[in-house]
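User: I'd like to learn how to read pockets and salt bridges in a model. Can you walk me through it?

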Amino acid sequence: MNKVAQIIYLTFTLSTSAFAQDYERGLIAVKGNDYQSAILNFKPLAEKGHAKAQFQLGHLYYDLYYYGHKGASRSGRLAAKWYTKAAVQGNADAQFYLAKLYESGTGLPQDKTEASIWWRRAAEQGHVLAQISIAQWCIDPLGTQEDYEEGAKWYRKAAVQGSGKAQFQLAELYQRGRGVAKNKSMAHMWYNISNATGESSDLRRVSAKERDRIAEKMTETELVTVQRMATKCMLSGYNDCGLWNLGVIAQRAQQVRVISE
């Protein structure tokens, strides 16, 4: 390694180390609810273009706005500013929260269409809450149109990441036959899983209630089968949850069309 390369490498290493130290101090300050110190640590990094620091800074201002601290309206605008900077660099968390600001009109003009754009970008990176949000948008975007197939696709993506809320919503779609083929076994399976993984006691309770309603109309053999399905799905890390996934359905439908032609 020549001297120029050594200097560049050393400068980069020191810069990275300094960033890590300041960023870590900022996180520690956040945990201690010392927002002033956190801002002092994150802001210089954010101004240099570090996306993670930009998100953290935006989130601090979002909290200041949400909890009604002094200068809340200004905090809302600053949250929007720093979320945007991080979002355009591809930070999924920033994209999700920027969408929330557009949805509510916090710190920038309300624009639910713009919110859906940022939810989708975060969802495409695997952000679970964004996947749920875009699913809700697809199923009821301003009440003007409905796309249950697209909504089911995003609910499933969140469901196989362990979201009890998404699992419940997916079960409901299977139960009603919206966006997916109506299937009581798949509905029972996802209600059963949601009952086990639900983020709240209310969600688990409602999941169990809906699961049991379906079970009342099943034979003992069917019940054994769907219970095994749920167990297999969870033990596989959601990799083996039956053939009734949207991709397989679409692929088989395409194959049928090709054969019939």
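Analyst: Let's go through the pocket and then the salt bridges of this predicted model.

User: Okay, pocket to start with. How much space lies in the largest pocket, and which residues line it?

Analyst: The general idea: rolling a probe the size of a water molecule over the atoms shows where empty space is left. Here, the largest pocket holds about 210 Å³. Its lining is made up of Gln175, Lys182, Asn183, Lys184, Arg213, Ile214 and Lys217. Sorted by class, that lining has four charged, two polar and one nonpolar residues.

User: Now the salt bridges. How many does a search of the whole structure find?

Analyst: In general, side chains of opposite charge can pair when their charged atoms come close. The search turns up nine salt bridges. Take glutamate 150 and arginine 120, whose closest N and O atoms are 3.0 Å apart. Glutamate 150 sits in helix H8 and arginine 120 in helix H6, so the pair ties together parts 30 residues apart in sequence.

User: Which residue of helix H8 lies three residues from glutamate 150?

Analyst: Lysine 153, about one turn of the helix away. Lysine 153 also forms a salt bridge with glutamate 150, at 3.2 Å between the closest N and O atoms.

Conventions: Residues numbered from 1 in each chain as written. Predicted model: local features only at pLDDT ≥ 70, side-chain atom pairs only at ≥ 80, totals over all residues. Heavy atoms only, no water. 1 Å grid on protein atoms, 1.4 Å probe; cavity = no way out; pocket = protein on both sides within 12 Å on 5 of 7 lines; lining within 4 Å. Points joined across faces, edges and corners; volume = space filled by probe spheres on them. Nonpolar A, V, L, I, M, F, W, Y, C, P; charged D, E, K, R; others polar. Salt bridge = Lys/Arg side-chain N within 4 Å of Asp/Glu carboxyl O. Helix = DSSP H or I, 4+ residues; strand = E, 2+ residues; numbered from the N terminus.
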